[in-house]
Amino acid sequence: MFRLLIISTVLVLCKCNESNAPQCFDSTKENLKLHLGTKTPYRFIFNRNDTAVTYQGCQPRRIWSVIRHGTRNPKRKVIYAINVHLANVRNHIIDQRNPKLCPHDLERLRNWRSQVNVDEEKHLTYEGSDELLQLAERIQNRFPSLLPEQYDQQLYKFKFTDSQRTLKSFESFASGLFGRNNLSKVVHLPPTAKDPILRFYKRCSKWTTDVDDNPDASYEPKQWLESEEMNRLLRDLREKLDFDALSIDDVILMYTTCTFETAWYKFDYSPWCSIFNEDQLKIIEFYYDLKHYWKDGYGFGINHQQACPALNDMLHHLELNSSKPNSTFYFTHSGTMLKLLAHLGLYKDDFSLTHKDFNKNRKWHLETIDAFASNLVFISFECATEPYVLAMHQEKVIHIPGCPTDKDLCSLATIKGTFEWSLNWCNFDEFCENPKINTA
């Protein structure tokens, strides 16, 4: 009798695996971690190896870094949409007779409540603070002689943009270097709204006119929203959720909530992620890859051309004969990070990314190149013959175009030669077509 009971129980449990039964979302799979775009939490991609970095015959002397703020809240418009519209979408889904969701996922959706107040728009979250604090500790472990735990104002330069999320990112990073009790001692430069290094694109008229405010610059991502792949995704989700009125805007909002809530909570994932399978996540992810390729990446020359002031700042700082401070840390935004990556020639494919390239292998993937707390770090070393530079992105060694790919270090002279244009012809106001200021 007992044996029969076991067999019957196994048979009942196995019914959950039948092809016509709803499948439970598996948060342990890489299908979630790899498709969250610019809202990817840094804990999914960081380099856990923080042992001291050494090269025989060379000593680290100077460090320059630009760091994107950590995990944040959405902007006000999105918070309102989540709090009001998405709550109505959720109510419609759970009221349906036949949503094809696993009972566990449906119950989590039933219990879901938005956790964000509009007054906290774009604020750094607890997870974002952790990301920056731990990033600082790992960088310090790799270069202890360059980043002493005892704060010295003469050795450090800190600057952030005029925003709460970069201010708090700086504070968390400084706490990781020197301890929270010493934070009040740490000096930083005053923030400016349109910083020429940290937010150069806010000062570039041509980029604003030709890209940011130009509807035609969004042609490729808009084409993808109207593609057969996206329409098929919408049809499948309407059937899955028993929701004929579901729109593409609803789908984008569900995905956005999935990304933010997964980033916020270290030990959980958003119930909205369970709406999608991996193929559907890839389809929506590609929309954002396209969007930022054309707005911030290689889509238009002005996107990355205007990043030359930042690269100039880096190259001048890395000179061994430069005066103190030895360590420069800038805290900025996604738009700066992506434009600077493109200016450096990193993650560049041999084709221009369009809505027809969904199935192509590509290097331009936002979740790995522009997650929350993304960072570029350059360290100059004093070696026997000449200065050398170590370049790191997401705490991993990268090779700047023009540098040897079989060695970690690249001579500073080689990098300066590769970016000779940035050093000698960075006429920002001229190529940004900024109006001339009458000083008479």
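A: Lys 122 lies in the loop between helix 4 and helix 5 (126-142). Bear in mind as you look that this is a predicted model. The backbone deserves a glance here: phi of Lys 122 is near 60 degrees, a positive value in a residue other than glycine. Lys 122 has a relative accessible area of 28%, so this residue counts as partly exposed.

Now step back to helix 4 itself. Helix 3 (residues 76-95) and helix 4 (residues 103-110) have axes that come within 10 Å and cross at roughly 140 degrees. Because of that angle, helix 3 is oblique to helix 4. The crossing of helix 3 past helix 4 is left-handed. If you want to see the side of the contact, pick out Arg 90, Ile 93 and Ile 94 in helix 3, which meet Leu 106, Leu 109 and Arg 110 in helix 4.

The axes of helix 9 (residues 228-241) and helix 11 come within 10 Å, crossing at roughly 135 degrees. Helix 9 and helix 11 are therefore oblique to each other, and their crossing is left-handed. From helix 9, Glu 229, Met 230, Leu 233, Asp 236 and Leu 237 take part in the contact, meeting Gln 280, Ile 283, Ile 284 and Tyr 287 of helix 11.

Let's turn to the aromatic rings. The count comes to 34 aromatic pairs. One of these is formed by Phe 260 and Trp 264, a tilted pair with 5.9 Å centre to centre and 35 degrees between the planes. Both residues lie in helix 10 (residues 248-264), four residues apart, about one turn of the helix. An α-helix has 3.6 residues a turn, so residues three or four places apart point the same way. Phe 260 and Trp 264 are both buried.

Tyr 293 and Trp 364 give an edge-to-face pair, at 5.7 Å centre to centre and with 90 degrees between the planes. Tyr 293 lies in helix 11 (residues 278-296), while Trp 364 is in the loop between helix 14 (334-343) and helix 15 (366-369), so this pair ties together parts that are 71 residues apart in sequence. Tyr 293 is buried, as is Trp 364.

Ring pairs also build a cluster, linking Tyr 151, Tyr 156, Phe 158, Phe 160, Phe 170, Phe 173, Phe 178, Phe 329 and Phe 331. Selecting those nine side chains together is a handy way to view the cluster.

The charged end of Lys 339 sits over the ring of Tyr 201, 4.1 Å from the ring centre. Lys 360, in turn, lies over the face of Phe 351, at 4.4 Å from the centre of that ring.

Lys 339 also brings us to helix 14, where this lysine is one of the buried residues. Helix 14 is mostly covered, with 10 of its 10 residues buried. Besides Lys 339, the buried residues include Ser 334, Thr 336, Met 337, Leu 340 and His 343. Just after helix 14, Gly 345 takes a positive phi of about 80 degrees.

Gln 394 has 3% relative accessibility and so counts as buried, whereas Lys 122 is partly exposed.

The peptide bond from Lys 324 to Pro 325 is cis, with omega near 10 degrees. Pro 325 is found in the loop between helix 13 (308-317) and strand 3 (327-332).

With 45% relative accessibility, Asn 49 counts as partly exposed. The C-alpha atoms of Asn 49 and Lys 157 are separated by 26 Å, and these residues are 108 residues apart along the chain.

Technical notes
Residues numbered from 1 in each chain as written. Predicted model: local features only at pLDDT ≥ 70, side-chain atom pairs only at ≥ 80, totals over all residues. Heavy atoms only, no water. Phe/Tyr/Trp six-rings, centres within 6.5 Å; stacked < 30°, edge-to-face > 60°. Helix = DSSP H or I, 4+ residues; strand = E, 2+ residues; numbered from the N terminus. Buried < 20%, exposed > 50% of the residue type's maximum accessible area, 1.4 Å probe, protein only. Lys NZ or Arg CZ within 6 Å of the ring centre and 35° of its normal. Axes fitted to C-alpha atoms, helices over the stretch in contact; angles between N-to-C directions. Parallel < 35°, antiparallel > 145°, perpendicular 65-115°, else oblique. Left-handed = near helix turned anticlockwise from the far one by under 90°. Contact = heavy atoms within 4.5 Å.
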